[in-house]
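Thank you all for coming; I would like to take a few minutes to walk through one model with you.

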Amino acid sequence: MASVEFVNVKKSFGAQPIIRGVDVQIDDGEFVILVGPSGCGKSTLLRMLAGLENITAGEIRIGDKVVNRMPPKERDIAMVFQNYALYPHMTVADNMAFSLTLKGASKATIDERVRPAAEILGLTHLLERYPRQLSGGQRQRVAMGRAIVRDPQVFLFDEPLSNLDAKLRVAMRAEIKELHQRLRTTTVYVTHDQIEAMTMADKIVVMHDGRVEQIGAPLELYDRPVNLFVAGFIGSPSMNMIKGRLDPNDASRFVATDGSVLPVAREIEAAKGRDLVYGLRPEAMRLDPAGVPAKVLVIEPTGSETQIIATLAGADVTCVFRERVAVKPGETLNIGIDAAAIHIFDAETGLRL
């Protein structure tokens, strides 16, 4: 196992910058997820770590070695791809053992490494099958098994669950997390799915337009996003955003652009006189006869909770209620807001105040 460090790493394709100076420290044994929308540079960063892309500037370190010019096979990493990349003419056992076969390992050594990996992943009864005889989840486990057999310093995962159905993705998330807890190998995982990031990571790196927006533990990013991008990206349903200003005569009142008044837990000196964005998580709202009126647009019952999209303070917001709400589109609900859970952002800079 080893730590990984990106030091002011940049990547350009011609004159077009893709990675714009990334600094990330990944500790030995940590499970770190790079997350962001398509095109943010997260997969490019992973490919540079793997040695599949050259870097334009900066340094990448694995352990105490700078690996900028080191070929992939010498970096002691193992990568699990989105499309599994299994050899169709080989059995599961042969696919898992392929890297050892290339190194000329003996049959006994291969068996010693493949059997325990197969047991960890529940593949023992499938070792003689071919990839075409496996389900999508089983193929993904074979790809993971091939990585485990190599016993690398670092595991790299490039959106490994994107091709699976929703139920299988949930199951595989738990399997990958359990695998990391068992092996404690440093893991760098790329995804665009923030639910994967929140449920699996020790630390999340949120990327946007080739830059790192915020690094932190999942709940740290959820509770204290540094800017509007992180606030809107982390969380499902995403944070509601309402534009307005603080009341110049009473800084404990936020006045939305339509004149609605929303509560603020404390005075924020830096927010006075500025155009602001009022950030409100869907679960920070409740039914309250004395609350702010909201016109119901859409009702989405899920069984365990009810999601309601409504117009509140001039903006369309999503509310999440644990109870079952008897309401129809077009009707009005009064919504109470937990002032201690709201976020205030500067509308111009996007930064949290």
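In which sense do strand β16 and β17 pair, and over how many bridges? Strand β16, residues 306-312, pairs with β17 in the antiparallel sense over seven bridges, where two strands are taken to pair if DSSP finds at least two bridges between them. Before I go on, a caution: this is a predicted model, in which local features need pLDDT of at least 70 and side-chain atom pairs count only at pLDDT 80 or more, while totals for chains, interfaces and linings use all residues. Residues are numbered from 1 along each chain as its sequence is written, and side-chain values use heavy atoms, with hydrogens and water left out.

Back to the hairpin, then. β16 and β17 have two residues between them, and Ala313 in the turn has a positive phi of about 55°. Gln307 stands opposite Val320 in β17. Of the seven residues of β17, which runs over residues 315-321, six are buried, that is, under 20% relative accessible area with a 1.4 Å probe and protein chains only.

Turning to the protein as a whole, there are eight helices and 19 strands, these being DSSP runs numbered from the N terminus (H or I of at least four residues for helices, E of at least two for strands). The C-alpha atoms fill a box of roughly 80 × 45 × 35 Å along the principal axes, and 47% of the 353 residues count as buried.

Now to the pockets, by which I mean open sets of points on a 1 Å grid over the protein atoms alone, where a 1.4 Å probe fits and protein lies on both sides within 12 Å along at least five of seven lines; lining residues have an atom within 4 Å of a point. The largest pocket holds about 490 Å³ of space, and among its 17 lining residues Met79, Phe81, Ser99, Arg146 and Arg150 lie nearest the centre. The elements giving two or more residues to that lining are β6 (77-80), α2 (92-102) and α4 (136-149).

The second largest pocket, at about 270 Å³, is lined by 14 residues, with Ala93, Asp94, Ala97, Ile110 and Val114 nearest its centre. Here α2 and α3 (107-121) are the elements that give two or more residues to the lining.

Conventions: Points joined across faces, edges and corners; volume = space filled by probe spheres on them. Buried < 20%, exposed > 50% of the residue type's maximum accessible area, 1.4 Å probe, protein only.
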